[in-house]
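Please describe the structure shown below, with attention to its ligands, its helices and its nonpolar cores.

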Amino acid sequence: MSMCRKVVKQSQTEAIAAKLATLLKPGDVVCLSGDLGAGKTTFTKALGKAMGIRENITSPTFNLVQEYEGDMPLYHFDVYRLLKPSEFRDLGAEEYFSGAGVCVIEWANLVKEYLPERHLWIEIKWLDARRREICITPSETFGNALVKELGIT
Ligand code: ADP
Ligand code: MG
């Protein structure tokens, strides 16, 4: 089951992320994919804020992963600069997946072979300067309950 919604402004992208934050549990892995400027970091910032993170969330540049303390930890990955996908595995991604927090992975499409089977896939498509299409697809083992509850369509 895939749920898509066209958003016409940034605040709607942020509202979806904020609602998602209320539904996520420790160990959940959120995979973000979409071109540069699609809104992956924008989405992550709003998600983190709604998770009670006070720190400003920026794209992890030097580190591939940045940890934030909120109501539960947020492990924010950006794998755009990886030279090869296996670096993602080598940095110990598995331990984050089974950690006490939520993982968000920007550019998850680049490390597909190293993602856990149980994940939420969020694709953000650029339509024009303001509009995006956001599609949310849970993996089979993730199940449809969260996406139904999110009710973005
Ligand atoms: P990415 O992390 O995918 O490269 P960013 O979140 O850094 O993208 O950048 C997205 C840019 O698009 C931001 O400057 C944001 O203000 C802008 N933007 C405009 N409209 C939207 C929208 N509807 N949803 C998300 N971002 C939007
Ligand atoms: Mg980004």
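## Basis of the model

This is a predicted model, in which local features need pLDDT of at least 70, side-chain atom pairs count only at pLDDT 80 or more, and totals for chains, interfaces and linings use all residues. Residues are numbered from 1 along each chain as its sequence is written, chains are lettered from A and ligands numbered from 1 in the order in which they are written, and side-chain values use heavy atoms, with hydrogens and water left out.

## Magnesium site

The magnesium ion (ligand 2) has Thr41 (OG1) and Glu106 (OE) as its protein donors, at 2.1 to 2.2 Å. Donors here are N, O and S atoms within 2.8 Å of the metal (3.2 Å for Na, K and Ca); water is not among the atoms, so sites may look incomplete.

Thr41 belongs to helix α2 (residues 40-50) and Glu106 to strand β5 (residues 102-106), and the two are 65 residues apart. Helices (H or I, at least four residues) and strands (E, at least two) are DSSP runs, numbered from the N terminus. Glu106 counts as buried because its relative accessibility is 2%; buried means under 20% relative accessible area, exposed over 50%, and partly exposed in between (1.4 Å probe, protein chains only).

## Surroundings of ligand 1

Ligand 1 has 16 residues around it, of which Gln10, Thr13, Lys40, Thr42 and Arg130 come nearest; a residue is near if one of its heavy atoms lies within 4 Å. Polar backbone atoms also approach the ligand: one of Lys9 is 3.4 Å from a ligand nitrogen atom, one of Ala38 is 3.3 Å from a ligand oxygen atom, and one of Gly39 is 2.9 Å from a ligand oxygen atom.

On its own, ligand 1 has 570 Å² of accessible area, and the protein covers 74% of this. These areas come from the Shrake-Rupley method with a 1.4 Å probe; for residues, only the protein chains shown count as cover. Helices α1 and α2 are the elements that give two or more residues to the shell, and α2 gives the most, with 3 residues.

## Helix α2

The buried residues of α2 are Lys40, Phe43, Thr44, Ala46, Leu47 and Gly48. They pack against α1 (10-23), β2 (29-33), β4 (74-78), β5 and β6 (120-126).

Ala46 counts as buried because its relative accessibility is 12%. Not counting residues up to four places away in sequence, Ala46 touches Glu14, Ala17 and Ala18, where contact means heavy atoms within 4.5 Å. The C-alpha atoms of Ala46 and Glu14 are 5.2 Å apart, although the residues are 32 apart in sequence. Just after α2, Gly52 has a positive phi of about 85 degrees.

## Nonpolar cores

A nonpolar core is a set of buried Ala, Val, Leu, Ile, Met, Phe, Trp, Tyr and Cys residues joined through side-chain atoms within 4.5 Å. The largest has 32 residues, and Leu20, Leu24, Leu47, Leu74, Ile122 and Ile136 have the most contacts inside it. Among the elements that each supply at least two of its residues are β1 (3-7), β7 (132-138) and α5 (145-150); α1 gives the most, with 5 residues. Apart from this core lies another of 19 residues, including Cys31, Tyr96, Ile105 and Val111.

## Trp107

Trp107 is found in the loop between β5 and β6. This residue is not a glycine, yet has a positive phi of about 65 degrees. Trp107 counts as buried because its relative accessibility is 11%.

Technical notes: Polar contact = N/O pair within 3.5 Å; in protein donor to acceptor, adjacent residues only side chain to side chain.
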